[in-house]
Amino acid sequence: MEIYLPIAEQSMNVFVLFALGAAAGLLAGMFGVGGGFLATPLLIFVGIPPAVAVASQANQVVANSVSSLQVQWRRGNVDLRMGLVLLLGGMIGSSAGVTLFTWLKAIGQIDFVIAVLYVILLSSIGSLMLFESVRTWFKRRRNPTAPRGKLHTHYLVHRLPWKMRFYKSKLYISAFLPITLGFLIGILSAILGVGGGFVLVPAMIYLLGMPTTVVIGTSNFQILFVAANVVFLQAATNGTVDVVLALLLILGGVVGAPIGSRIAARLPGVVLRALMGVLVLAVATELLFELLRTPASPYSLGPREVLP
Amino acid sequence: MRRLIVLLLALLASNAVPGVASAQRIEPPPGSLTGPTFGPAPDSSLPPSVPSGPGMPELIVDLSQPRVSITSAFQGESLLLFGMFDPPGEIVVVVQGPPARETVLRKERFLGLWLNTGRMRFDDVPAYYFIAASAPLQRLLARASGSEILSLEDRLASIRPVRPRSPARLAEFRQGLVEVKRREDLYPANFGHVTVQAGRLFRAELPFPSRLPEGVYDVRTYLLREGKIVAAVSRPLPVGKVGFSAQLAGWSVEEGPLYGAGAIVMALVLGWLGGAVLRRL
């Protein structure tokens with residue numbers, strides 16, 4: 001069954017789009033990060049213009065994160081103070097990101113920048129996750145009752161000024177850190193149409209030293225508002241949010257997410273992280289291959305301008 | 001501050017969107033559509049335009065549909081053009097999409113990666129171009145030298161880059177433009193056939209792909225005798241989104257912020273409901 005997407009201006013198979021949304025939801029349920037990093041490149045592969053794919057995917061991220069936030073909020077796993085500080089950076093970053101996106105689109109380099117950013121991000125995060133989970137796996141085998149280390153280690157970053165207390169995260173760190181992190185994630189969110197959970201979650205654990213219990217909830221909080229900001233600005237400045245496309249992705253995601261969390265409940269965390277690492281690396285490899293391969297035709301068309 | 005604006009607009013949208021959306025679901029039957037995005041549309045109740053004049057041979061043309069309606073189920077469409085003429089003669093049909101400025105981008109290998117390095121902008125590029133004829137076109141056109149009927153190559157030879165460029169580069173990018181348009185079936189590679197029956201009735205299929213730019217297309221039918229145009233009929237063919245698609249696209253352009261707020265509200269409601277319902281299953 002085909003449906004015409006009014007903003008993408010083409011018809012697409014309903015089930016393909018629904019399945020894409022479900023795959024993203026499945027990942028969200030399994031790994032606690034939005035599946036945007038997988039769904040956006042796949043949308044581009046099936047022929048949706050990158051600008052529309054990114055903006056509409058951001059809309060799915062809104063739906064996805066509100067579902068997860070619902071649970072996390074009830075369990076008290078959101079560090080609101082940290083979330084608001086991250087959000088301050090996130091709002092500035094995503095607004096700057098949309099401006100950057102508009103400019104890149106105008107000079108015809110947006111597709112390239114999206115692909116390159118994905119390759120860099122996904123390959124580094126994928127290999128980190130894979131490496132970390134393999135190491136943990138072997139360590140645990142050798143020494144199953146390893147003593148728990150310090151709550152978190154102190155780096156140079158803890159000496160920065162403008163320190164703030166984050167009671168829920170049991171942290172006393174400079175506010176510059178979360179603001180900068182939020183800013184960078186905001187830019188990513190605007191250009192790649194992802195929530196950025198796959199970058200934000202590891203950064204919160206390893207860089208900020210937040211306890212893992214509040215990481216997912218707090219990142220969901222920040223992602224919800226940043227994604228909403230991206231949707232709003234993309235719609236207002238570029239007109240690239242396709243609600244029909246977003247609706248199908250959201251419906252798919254709603255179905256996929258609980259299946260993912262059920263799978264996650266049955267698998268140990270290490271295996272889960274290794275699986276995720278492999279998946280992320282596979283997407284990165286495919287994207288890199290696309291960049292290196294000689295295209296069927298070197299020509300493409302930019303935006304059409306109807307003259308008065 | 002931005003959050004405040006978002007919330008405010010979300011509230012506005014939640015009041016405005018549902019009523020309008022449900023009203024737009026009812027799509028009028030094709031053929032009697034009055035789309036909101038169209039320019040002047042031909043009145044289908046009137047007989048098709050015929051150039052009248054003493055001694056001019058008769059040429060009557062009509063289309064199976066007065067317009068191409070892009071609905072939410074649109075997957076491309078084939079229109080039937082039919083008519084009658086005073087024999088003898090040959091029929092040529094030229095369909096042109098509205099002209100616009102197009103930017104052609106060219107990828108080149110840079111440090112092993114393929115990226116757009118070249119670009120050229122052209123003015124007056126037809127969105128769509130299709131020719132059908134009742135006899136091999138080359139023969140008809142060769143005899144009709146200096147006529148207004150142009151093959152795609154001749155039509156594109158007249159487009160000019162926005163900034164002057166070297167002829168070699170110009171030819172390459174022009175070829176690239178045709179390549180992309182061919183790929184999207186906007187410049188169908190094959191000439192269409194006009195079938196003539198009983199010596200005076202003719203018909204031709206006009207193929208329109210799913211990625212069809214909007215605007216008023218021009219359908220021209222010519223009657224040729226010995227390479228000379230003896231009669232011509234021009235019909236505008238509006239192509240546009242109708243119904244729900246048209247509403248959405250219209251809002252997206254005219255009410256961008258409100259549209260964005262509506263999209264956010266939709267995502268929030270569905271995400272919330274989805275999360276709440278499916279957790280209980």
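**Domains, sheet and chain contact**

The model is predicted: local features need pLDDT of at least 70, side-chain atom pairs count only at pLDDT 80 or more, and totals for chains, interfaces and linings use all residues. Residues are numbered from 1 along each chain as its sequence is written, with chains lettered from A and ligands numbered from 1 in the order in which they are written.

In chain B, 5 residues of domain 1 contact 4 residues of domain 2 (C-beta atoms, placed from the backbone, within 7 Å). The domain 1 side comprises 2 nonpolar, 2 polar and 1 charged. Ala, Val, Leu, Ile, Met, Phe, Trp, Tyr, Cys and Pro count as nonpolar, Asp, Glu, Lys and Arg as charged, and the others, Gly among them, as polar.

Chain B holds an open, mixed sheet of 6 strands, ordered β2-β13-β12-β4-β7-β9. Strands are DSSP E runs of at least two residues, and helices are H or I runs of at least four, numbered from the N terminus; pairing requires at least two DSSP bridges. Edge strands β2 (68-70) and β9 (192-193) of chain B each have a single partner strand, so one side of each lacks a neighbour in the sheet. Strands β4 (residues 90-96) and β12 (residues 215-225) of chain B run antiparallel, joined by 7 bridges. Gln96(B) has Asp218(B) as its bridge partner in β12(B).

Between the chains, the contact takes 48 residues from chain A and 57 from chain B. Elements of chain A that each supply at least two residues include α3 (50-74), α8 (212-238) and β5 (299-301). The chain A side divides into 31 nonpolar, 13 polar and 4 charged. Pairing also crosses the chains: β5(A) and β5 (residues 99-110) of chain B run antiparallel, with 3 bridges. Tyr299(A) has Arg106(B) as its bridge partner in β5(B).

Note on methods:
Contact = placed C-beta atoms within 7 Å.
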